[in-house]
Amino acid sequence: MIQILLGNTIALMALCLLLQLYYPNWMQAQGTQLELRYGCLLGAISALGLWLAPNIGNEFTLSLHTLPLLIGAAFAQRPVAVLASLISLTPLAFQENHSIGLNVSSSLLALSVGIGYQLIRRGPQDSFKPLPLLGCGLILGIGQLLLQKAWLSSELNAQNILLTRLFFLGVLPILVLGLGWLLHLKRLKPARLPVEQEPPLAILLEAIPDTLLILDQQGYCLEVRPTYPSIPPFDSANMTEVQGQRIQDFLPPWPAKQFERLIEKTLASANTQYLDYNLPLTTGTRFFEGCAHRIYLVPDSPPAVAVLIREVTQRIQTEQEQRVAAIAFESQQGMLIADAKNQIIQVNPAFCRMTGYTPEDVIGQSTRILSSGLQSKSLYQAMWYSILNTGSWQGELQNRRKTGEVYPAWVSISAIYNTEGLITHYVSAQTNISQQKAAEHHIHRLAFYDPLTGLPNRRLLFERLQQTLGTSTRTRQYAALMMFDLDNFKNINDHHGHAAGDRFLCEVAHRLTDKVRAGDTVARLGGDEFVIVLEGLKTNVQEAQQHVSHFAERILLSLSQPYTLDDLILHSSASIGIALFRDTTTDCIAQEVEELMKRADIAMYEAKQAGKNRLRFFDPQMQDLLNQRLGLEEDLRIALEEQQLVLYFQPQYDHQPKLIGAEVLVRWQHPTRSLLLPGEFMDSARRAGLTPALDRYVLQHACCQLARWVDQTELASLVVAVNISASLLYQPDFVEYLTQILQQTGANPHQLKLELTESLLLDDMPLAAQRMDELRVLGIRFSIDDFGTGYSSMLYLHRLPLDQLKIDRTFVQSLPNDDNSLAIIRAICALGNSLGLEVLAEGVEKPEQRQTLTEAGCQNFQGYLFGYPLPADRFEQQLIQTQTAKI
């Protein structure tokens, strides 16, 4: 029995070894046909062992058919082991029924134990774990003993029991270990390259600037050949840790997954496969690419994968920079690239749209093709000096389109250098700033020019007067300030309307401008007052006066000619006051300008008093007139003390129309000169420094009137608007003073509205904001008077607690025929509505003006159309009777 058992064992082991020798890659079979073939051969060997198994007693067998099944499951692919198990059971068809369950259970046990060892053995292809393999053989033996005892019913004698235990617990584990060791020794040989091939391969690998990996089918690194610069983690420092490990053990999950797919595709194809991956490192993300090919290290060996890897971080970054540059080149800025000789080599679409040139027109041409010829030579010298010394320049240029049209452009030029520090290219980016320049010009005109006539306004006149003063002082040449006042202009407005008056003023401006030299200044102060500044006159005062006199006579003659406005023919004249000047008499030029204006005004007053259509030069004899004005200032002081000033109220209505408020206007009931309007004494008040006192007077009486109206239902909720000056707002005690007035009079602060002028706000914006915030806490409201005639700064609209914008009457008077004024009014209404501010138009005198304003978005009105300024008692009577009347 022992001889038969030993013979069968030797025969089975020999068959297994012959199978390994004949099919050296059966352990790693690839493809369905190979797996079927190897599975059939293993199953046949197992079936032979089952067929030849010797019997002990009536039922017990010492079967070795589980040996090849366990070895196959432990070292081969799982499909091979499963197929072998199925084939190994074919001899059961010829055995008794009581053996079928035992052999099937034994086969399943062998298959399970082999797979368990394969899981334990997981590692490089040449790994071998003898103790776990011996343990698997022992488990198989114990299992088979238990299975035979469970399945078979007969009993063995003592000798057979000893033989069975010796076979399954001693012989079978040793056979498993021995056969596994022999197979392991056989499988070690293909994992190494033949010795005679290593030197040529090493030389070849040294010549390749890429890192070489040789991977088996499970992703284990069989060989690593690093290069310099090193590619992590396949560098020299980590080579010993990487070799023999799986890709998944030292690469992040996503790159490892990419390598797994690469191995699968490479083994399944004879073509080269490619890989792109990146690694996030502490120094930044690095990018790599690889190419892989299927190889056989030795003939008839399992295929492996050779991968060549190189770093492409620099290339990826360069490509990204190029893409970014390409996107930037397609921006809305006009861009061109020129070579070192300043020849254009590339332009973008925005450049073509901006200049009208096509790429074919300019490529190969010098950048001078854009030059308008309007720039100074010094500008180009400064530009090239900056480019050559700093590498860049930016500034404004006047460029020329293909059509010849000149346009302003903001241009930035940068030099591109090579590695040797030499300029190779120039990159220019330009933006058409025509709209920006137009906006700046428009803002400048609003700030320094009269919107009706286009002449310089008071602000610009003062600047030019200061310049002329300085020039005359240096050159010793006299200059002249001529102030004009049109005679009977009020009659033109009253009889023919403000539209005709505006056209008349424009014609006057044209005639004045037509008579002066290029360097002289014609300005409009407002209303019907004009100014001419003549400079560069004679150094002798008599000659200068004679020249100005002749010029003024020509002006008077021109202005006295009939004015034809369509079918309307108007006649007018002017009174001219002239002040000659040369040397400044004070250290402050601004004070000197004010003094010159006073002198010209005195002279003009004298000309008007002389019968109109006259001219007068200022001389010391006119000091009497100045004394009279000083007397008027003194009278005004007395008027404040004796309360000679009377408050008039002009109603304000909304679109319904409903009475919503009234503006306070002051009149002076002079004891000897009857009733004086503000225009007759406000200048004297300003010159005398009485404006704050006058404002306090008006505020106090306005609050008293508000308190009296509380008891009258029709006027109890009326809001009263009081215009205050900058000098009052900026006084330190103004808030405290106004608080006391409200408390003393009992006036409701929510019914008091303070009107401020734009010029007032520009003097000291932070202080104005502070004062207004303090008053706003009390409930006082604020309005901007004459909005649109000054800077109309968005800054104070944002920072100040305003409630209302008041459209100046100069814009209203020209409606509905003046498109420019209408456009400005629409802009003011849109601005006010968007900021949540009320908009009120003053100077509304005609129904068509009101209609146009309503259509433009204005909802509140003030003017003669709604009511004239009246004293408080008459104001009460008229409004109580007519507050619900339809206008």
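## A threonine in a loop

Leaving out neighbours within four places in sequence, T367 is in contact with L336, A338, N342 and I344. Contact means heavy atoms within 4.5 Å. T367 lies in the loop between α14 (359-362) and α15 (377-390). Its C-alpha atom is separated by 9.6 Å from that of I337, and these two residues are 30 residues apart along the chain.

This is a predicted model, where local features need pLDDT of at least 70 and side-chain atom pairs count only at pLDDT 80 or more, while totals for chains, interfaces and linings use all residues. Residues are numbered from 1 along each chain as its sequence is written, and side-chain values use heavy atoms, with hydrogens and water left out.

## The whole chain

The protein has 32 helices and 29 strands. Both are DSSP runs, numbered from the N terminus: helices are H or I with at least four residues, and strands are E with at least two.

The protein has 887 residues, and 48% of them count as buried. Buried means under 20% relative accessible area, exposed means over 50%, and partly exposed is in between (1.4 Å probe, protein chains only).

## Helix α27

Helix α27 covers residues 765-778. How far should its 14 residues span at 1.5 Å a residue? They should span 20 Å, and the end C-alpha atoms are 20 Å apart, which agrees. The expected span is 1.5 Å times one less than the number of residues.

Which residues in α27 are buried? They are M765, L767, A768, A769, R771, M772 and L775. After α27 comes G779, and the phi of G779 is positive, near 110 degrees.

Two packed helices are described by the angle between their axes and the distance between the axes. Axes are lines fitted to C-alpha atoms, for helices over the stretch in contact, and angles run from 0 to 180 degrees between N-to-C directions.

Helix α25 (residues 734-745) and α27 cross at roughly 20 degrees, and their axes come within 10 Å. α25 and α27 are therefore roughly parallel to each other. Angles under 35 degrees count as roughly parallel, over 145 as roughly antiparallel, 65 to 115 as roughly perpendicular and the rest as oblique. The crossing of α25 and α27 is right-handed. A crossing is right-handed if the near helix is turned clockwise from the far one by less than a right angle, and left-handed if anticlockwise. From α25, the contact uses F734, V735, L738 and T739; from α27, it uses R771, E774, L775 and L778. By class, the residues of this contact are five nonpolar, one polar and two charged. Ala, Val, Leu, Ile, Met, Phe, Trp, Tyr, Cys and Pro count as nonpolar, Asp, Glu, Lys and Arg as charged, and the others, Gly among them, as polar.

## α30 against α31

Helix α30 (residues 819-834) packs on helix α31 (residues 847-856) at an angle of about 45 degrees. Their axes are 9 Å apart. α30 and α31 are therefore oblique to each other. Their crossing is right-handed.

Which residues of α30 meet α31? L822, I825, R826 and C829 do, and they meet T852, L853 and A856 in α31. The contact of α30 with α31 has five nonpolar residues, one polar and one charged.

## Backbone exceptions

Most residues other than glycine have a negative phi, and most peptide bonds are trans. Here are some exceptions. A cis peptide bond joins Q656 and P657, with omega about 0 degrees. P657 sits in the loop between β20 (645-654) and β21 (659-670). The peptide bond from L815 to P816 is also cis, with omega near 5 degrees. P816 sits in the loop between α29 (809-813) and α30.

N613 has a positive phi, near 50 degrees. N613 is in the loop between α20 (589-609) and β19 (615-617). Its relative accessible area is 30%, so N613 is partly exposed. S674 has a positive phi too, near 60 degrees. S674 is in strand β22 (residues 674-676). At a relative accessible area of 44%, S674 is partly exposed.

## A threonine in a strand

T757 belongs to strand β24 (residues 752-757). Its relative accessibility is 22%, so T757 counts as partly exposed. The C-alpha atoms of T757 and I724 are separated by 8.4 Å, and these residues are 33 residues apart along the chain.
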